[in-house]
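I opened this model to go through its loops, its pockets and its cores. My notes follow in the order I looked things up.

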Amino acid sequence: MNYNLDKFKTGLEKLNITLSDAQMQQFLDYYEMLVETNKVMNLTAITEFDEVIEKHFLDSLSLCQVYDLNREIKILDMGTGAGFPGIPLKIAFPEIDLVLADSLNKRIKFLQEVINRLELKKVEALHARAEEMGRNKQYREQFDLCVSRAVANLSSLSEYCIPFVKEGGMFISYKSGEIEEETNQAKKAITILGGKIEDIYKFDLYEQKRSFVIIRKEKKTPKAYPRKAGTPTKMPLN
């Protein structure tokens with residue numbers, strides 16, 4: 001199929017990202033797999049090409065505005081869903097070492113198909129709940145960066161994500177524009193978990209107001225966290 005790539009190319013230019021023809025083809029293959037699988041499994045409400053480019057691909061890649069991805073670093077995408085932001089980041093920045101984690105196994109099976117079809121290396125798709133995975137020595141405090149576009153309040157999300165970050169590393173949460181109140185409510189949780197809000201970066205992505213909450217891990221997360229399954233959502237630490 002022939003796609004109009006103007007919007008994608010303009011967006012990439014703004015982000016100072018250059019893709020080879022092979023990388024561009026990987027994005028198109030990913031798009032086609034997403035739309036095809038979405039017919040039988042609920043992966044995304046957004047399927048129109050330009051919208052996927054804008055709200056999934058470019059939104060995922062916009063992380064490069066606040067974090068240097070052109071190096072070998074270990075990244076965890078927690079609650080990755082249909083693979084956002086992890087798969088777009090991996091296609092554009094192939095040096096990264098990536099773990100995609102989600103609690104729904106059928107999503108992970110889809111992501112494994114994407115990984116195989118796009119021949120992506122140094123990517124693991126993991127069926128796991130954050131609460132259990134966060135107690136596993138193989139993953140706890142092993143990552144330079146944890147990212148999440150998952151829909152959860154920042155207090156809960158911090159408890160799911162900060163335990164995976166090594167001291168000195170970062171947790172960066174993708175959020176919509178208006179984030180002040182949510183951020184203020186999450187400060188206590190972030191401190192308890194060993195983190196500190198370093199910056200809130202706001203930007204416009206076409207019609208959308210977006211922001212990154214950038215949290216640096218200053219000390220180890222106490223052993224009590226994350227709490228047992230479901231608790232971080234039901235009883236956030238604020």
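**Entry 1**

I started with Gly81, which sits in the loop between strand E1 (74-78) and helix H4 (86-92). I kept in mind that this is a predicted model.

Is Gly81 buried or exposed? Its relative accessibility is 13%, under the 20% limit, so Gly81 counts as buried.

Next I looked up what Gly81 touches. Leaving out residues up to four places away in sequence, I found Asp102, Arg107 and Leu111. I then took the C-alpha distance from Gly81 to Asp102. The two are 21 residues apart in sequence and 6.3 Å apart in space.

I moved to Thr80, also in the loop between E1 and H4. Thr80 has a relative accessible area of 3%, so I noted it as buried. Which residues is Thr80 in contact with, leaving aside neighbours within four places in sequence? I listed Leu100, Ala101, Asp102 and Leu111. Asp102 and Leu111 are on the contact list of Thr80, and they are on that of Gly81 as well.

**Entry 2: backbone checks**

I checked the peptide bonds and the phi angles. Most peptide bonds are trans, and most residues other than glycine have a negative phi. I wanted the exceptions.

I found a cis peptide bond between Phe84 and Pro85, with omega about 5 degrees. Pro85 lies in the loop between E1 and H4, the loop that holds Gly81.

I found another cis peptide bond between Tyr225 and Pro226, with omega about 0 degrees. Pro226 is in the loop between E7 and helix H9 (231-234).

Then phi. Glu119 has a positive phi, near 55 degrees, and is not a glycine. I placed Glu119 in the loop between helix H5 (105-118) and strand E3 (123-127). Glu141 also has a positive phi, about 55 degrees, without being a glycine. Glu141 belongs to the loop between H6 and strand E4 (143-148).

Which of these is buried, and which is exposed? Glu119 has a relative accessible area of 58%, over the 50% limit, so it is exposed. Glu141 is at 14%, under 20%, so it counts as buried.

**Entry 3: the largest pocket**

I turned to the pockets. The largest has a volume of about 490 Å³. I counted 25 lining residues, and the closest to the centre are His56, Phe84, Arg149, Ala150 and Val151. Phe84 is a name I had already written down, from the cis bond to Pro85.

Which elements give two or more residues to this lining? They are helix H3 (49-61), strand E5 (165-176) and strand E7 (208-217). By class, the lining of the largest pocket divides into nine nonpolar, eight polar and eight charged residues.

**Entry 4: the second largest pocket**

I put the volume of the second largest pocket at about 300 Å³. How many residues line the second largest pocket? There are 16, and Met78, Gly79, Ser103, Ala150 and Tyr160 lie nearest the centre. Ala150 is also among the residues closest to the centre of the largest pocket.

Strand E2 (97-102), helix H6 (130-133) and helix H7 (154-161) each supply at least two lining residues here. I sorted this lining into nine nonpolar, four polar and three charged residues.

**Entry 5: helix H7**

I found H7 mostly covered, with eight of its eight residues buried. Among the buried residues of H7 are Leu154, Glu159 and Tyr160. Tyr160 is one of the residues nearest the centre of the second largest pocket.

What caps the N-terminal end of H7? I found Asn153 there, with a side-chain oxygen 2.9 Å from the backbone nitrogen of Ser155.

**Entry 6: the cores**

Last, the nonpolar cores. The largest has 56 residues, and Phe8, Leu61 and Leu63 have the most contacts inside it. Helix H2 (residues 21-38) gives the most to this core, with seven residues. Another core lies apart from it, with 28 residues, including Cys146, Leu154, Ile179 and Val213. Leu154 is also one of the buried residues of H7.

Not counting residues up to four places away in sequence, Leu61 touches Phe8, Leu12, Leu15, Ile17, Phe27, Pro88, Leu89, Ala92 and Phe93.

Methods. Residues are numbered from 1 along each chain as its sequence is written. This is a predicted model: local features need pLDDT of at least 70, side-chain atom pairs count only at pLDDT 80 or more; totals for chains, interfaces and linings use all residues. Side-chain values use heavy atoms; hydrogens and water are left out. A nonpolar core is a set of buried Ala, Val, Leu, Ile, Met, Phe, Trp, Tyr and Cys residues joined through side-chain atoms within 4.5 Å. Buried means under 20% relative accessible area, exposed over 50%, partly exposed in between (1.4 Å probe, protein chains only). Helices (H or I, at least four residues) and strands (E, at least two) are DSSP runs, numbered from the N terminus. Contact means heavy atoms within 4.5 Å. On a 1 Å grid over the protein atoms alone, a cavity is a set of points where a 1.4 Å probe fits but cannot get out, and a pocket is an open set with protein on both sides within 12 Å along at least five of seven lines; lining residues have an atom within 4 Å of a point. Grid points are joined across faces, edges and corners, and a volume is the space filled by probe spheres set on the points. Ala, Val, Leu, Ile, Met, Phe, Trp, Tyr, Cys and Pro count as nonpolar, Asp, Glu, Lys and Arg as charged, and the others, Gly among them, as polar. A polar contact is a pair of N or O atoms within 3.5 Å; within protein, one must be able to donate a hydrogen and the other to accept it, and residues adjacent in sequence count only if both atoms are side-chain atoms.
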